[in-house]
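Hi there,

Here is the structure I promised to pass on.

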Amino acid sequence: PADIVSRTLRSATKSTLQMYLETIFDAATIARLWTDYHVGVTKDRSAIFYQIDSQGRYRAGKIMQYDPATGHRIKNSAVPVDWVHARLKKLGLLPENWTVTQCLFGEHLLQTRPDAIVCLVESEKTALIGSGFCPQYIWVATGGKTQLGEKLNVLQGRKVLVFPDIDATRQWYDKLSAIPGLNLTFSTILEDEATAEDRTAQIDIADWLIRHHTQPWMTPEIAALIEDLGLELISISQIKQE
């Protein structure tokens, strides 16, 4: 219910994910991301990623905790991922037989820009970071490596750039290529540039974007130009001001 969602959109309370992203983005970008994606927060400062469908209905809310210094997810072995509906059931606010029907994180944004290119990633955090750096695209997340089923049907008729995590490239290519009606372009940027350390760390496109956009000379305009034109950075030299 929308009234329950609204209680978690606490502008005065920062989630640990927001604390981390504030080390990367300015206040205006953070505000845009939280408004666009309706990111909620719990009392213990976990982030709530609401899945909103194309009709504006809140399908689900995934609850996840992050390290505010590194941005890495804090994994609880007992409950790796919590859900809003699970908590509501415990409180007796949802019937026990209620079942969740998920959709893409960010699906509701598709209708706002019907001609925009869509970027498909795995994690919700990655979608936020991608939108922060490259807002010209609509960034949506599957919510998991294997979440590649019917929820992707909403992407039919759209141009989609696919950014698999480094450890899921072949899995995603094989699975997504078999789905009819999708206009997909698979990015090879991670496969082309990943080091052995990157593969061990299982990086995703968010890690790559942060690495390339946080250089002191890398303004968003330069980064967008390099990305859009498929350029390769060879060297940097400082122009001496007279």
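How are helix 3 and helix 5 oriented to each other: parallel, antiparallel, perpendicular or oblique? Please keep in mind that this is a predicted model. Helix 3 (residues 27–37) packs with helix 5 (residues 124–133) at an angle of about 130 degrees, and their axes are 10 Å apart. Angles over 145 degrees would count as roughly antiparallel and those of 65 to 115 as roughly perpendicular, so the two helices are oblique to each other. Their crossing is right-handed. On the helix 3 side, the contact is made by Thr-29, Arg-32, Leu-33, Trp-34 and Tyr-37, and helix 5 brings Ala-127, Leu-128, Ser-131 and Gly-132. Sorted by class, this contact has 5 nonpolar, 3 polar and 1 charged residues.

Next, a loop residue. Thr-42 lies in the loop between strand 1 (40–41) and strand 2 (47–52). Thr-42 has 7% relative accessibility and therefore counts as buried, since the cut-off for buried is under 20%. Its side chain makes a polar contact with the side chain of Asp-44, at 2.2 Å. Leaving aside residues up to four places away in sequence, Thr-42 touches Arg-10, Thr-13, Ile-48, Ile-63 and Arg-87.

Last, a residue in a helix. Tyr-173 is found in helix 6 (residues 169–177). With 41% relative accessibility, Tyr-173 counts as partly exposed. Between the C-alpha atoms of Tyr-173 and Val-162 there are 8.9 Å, and the two residues are 11 residues apart along the chain.

Best wishes

Note on methods:
Residues numbered from 1 in each chain as written. Predicted model: local features only at pLDDT ≥ 70, side-chain atom pairs only at ≥ 80, totals over all residues. Heavy atoms only, no water. Helix = DSSP H or I, 4+ residues; strand = E, 2+ residues; numbered from the N terminus. Buried < 20%, exposed > 50% of the residue type's maximum accessible area, 1.4 Å probe, protein only. Axes fitted to C-alpha atoms, helices over the stretch in contact; angles between N-to-C directions. Parallel < 35°, antiparallel > 145°, perpendicular 65-115°, else oblique. Left-handed = near helix turned anticlockwise from the far one by under 90°. Contact = heavy atoms within 4.5 Å. Nonpolar A, V, L, I, M, F, W, Y, C, P; charged D, E, K, R; others polar. Polar contact = N/O pair within 3.5 Å; in protein donor to acceptor, adjacent residues only side chain to side chain.
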